[in-house]
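Have a look at the picture, then read on.

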Amino acid sequence: MKFTKIFSLITSLFMTACSARAANPNVDVVSPEEFQIQLTAESNAYLLDVRKPEEFADGHLAGAHLINWLDTDSFKQEAAHLDKTRTIYVYCRSGRRSSDAAGYLAEQGYTVVDMAGGFLAWEKDGLPITKEADGD
């Protein structure tokens with residue numbers, strides 16, 4: 001009986017954790033390849049890199065705009081000025097920060113596409129990067 005309760009609790013926690021990212025219908029989490037396809041196909045997309053400035057300077061996706069998620073006040077101020085009619089395509093280094101930023105942006109009313117695995121997955125898949133200035 002005790003084992004069943006513990007197993008049920010663990011299963012519930014696991015299911016909650018796994019479904020947390022899918023809980024917001026305004027966040028679509030896609031692979032780097034799908035991210036690139038959707039981003040290219042959508043003429044009014046806004047590409048957002050939420051890493052630190054030094055990470056951005058080491059390489060980023062062409063046309064990306066930098067708003068550092070870890071600088072909370074600045075992020076919220078800058079995000080408030082984004083156009084809600086545009087889909088926000090967001091990424092970070094490995095996917096953790098972009099997941100958090102995507103959730104925040106979705107709560108603010110934005111439609112968001114988050115890249116699974118982040119910049120590391122993008123590079124691993126051999127997709128193009130740049131060190132040119134951001135998309136602003």
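Helices (H or I, at least four residues) and strands (E, at least two) are DSSP runs, numbered from the N terminus. This is a predicted model, where local features need pLDDT of at least 70 and side-chain atom pairs count only at pLDDT 80 or more, while totals for chains, interfaces and linings use all residues. Residues are numbered from 1 along each chain as its sequence is written, and side-chain values use heavy atoms, with hydrogens and water left out.

1. Start with Arg-51, in the loop between β2 (46-49) and α3. Its relative accessible area is 3%, so Arg-51 is buried (under 20% relative accessible area; exposed is over 50%, partly exposed in between; 1.4 Å probe, protein chains only). Arg-51 makes a salt bridge (a side-chain nitrogen of Lys or Arg within 4 Å of a carboxyl oxygen of Asp or Glu) with Asp-49, the closest N and O atoms being 2.8 Å apart. Asp-49 is buried as well.

2. What else does the side chain of Arg-51 reach? At 2.6 Å there is the backbone oxygen of Gly-59. A polar atom of the Arg-51 side chain also lies 3.5 Å from the backbone oxygen of Glu-55. Leaving aside neighbours within four places in sequence, Arg-51 is in contact (heavy atoms within 4.5 Å) with several residues, including Phe-56, His-60, Tyr-91, Arg-97 and Phe-119.

3. Glu-55 turns up again in a salt bridge with Arg-97, at 2.9 Å from N to O. This pair links distant parts of the chain: Arg-97 sits in helix α5 (residues 96-107) and Glu-55 in helix α3 (residues 53-57), 42 residues apart. Both ends are buried, Arg-97 at 15% relative accessibility and Glu-55 at 16%.

4. How many salt bridges are there by this rule? The count comes to 3. One of them joins Asp-100 and Arg-96, at 3.6 Å from N to O. Asp-100 and Arg-96 are about one helical turn apart because they are 4 residues apart in helix α5. Is Arg-96 buried or exposed? With 59% relative accessibility, Arg-96 counts as exposed, whereas Asp-100, at 28%, is partly exposed.

5. Last, take a look at Asp-114 in strand β5 (residues 112-115). Asp-114 is buried, with a relative accessible area of 0%. A polar atom of the Asp-114 side chain lies 3.5 Å from the backbone nitrogen of Ser-99.

Definitions and conventions:
Polar contact = N/O pair within 3.5 Å; in protein donor to acceptor, adjacent residues only side chain to side chain.
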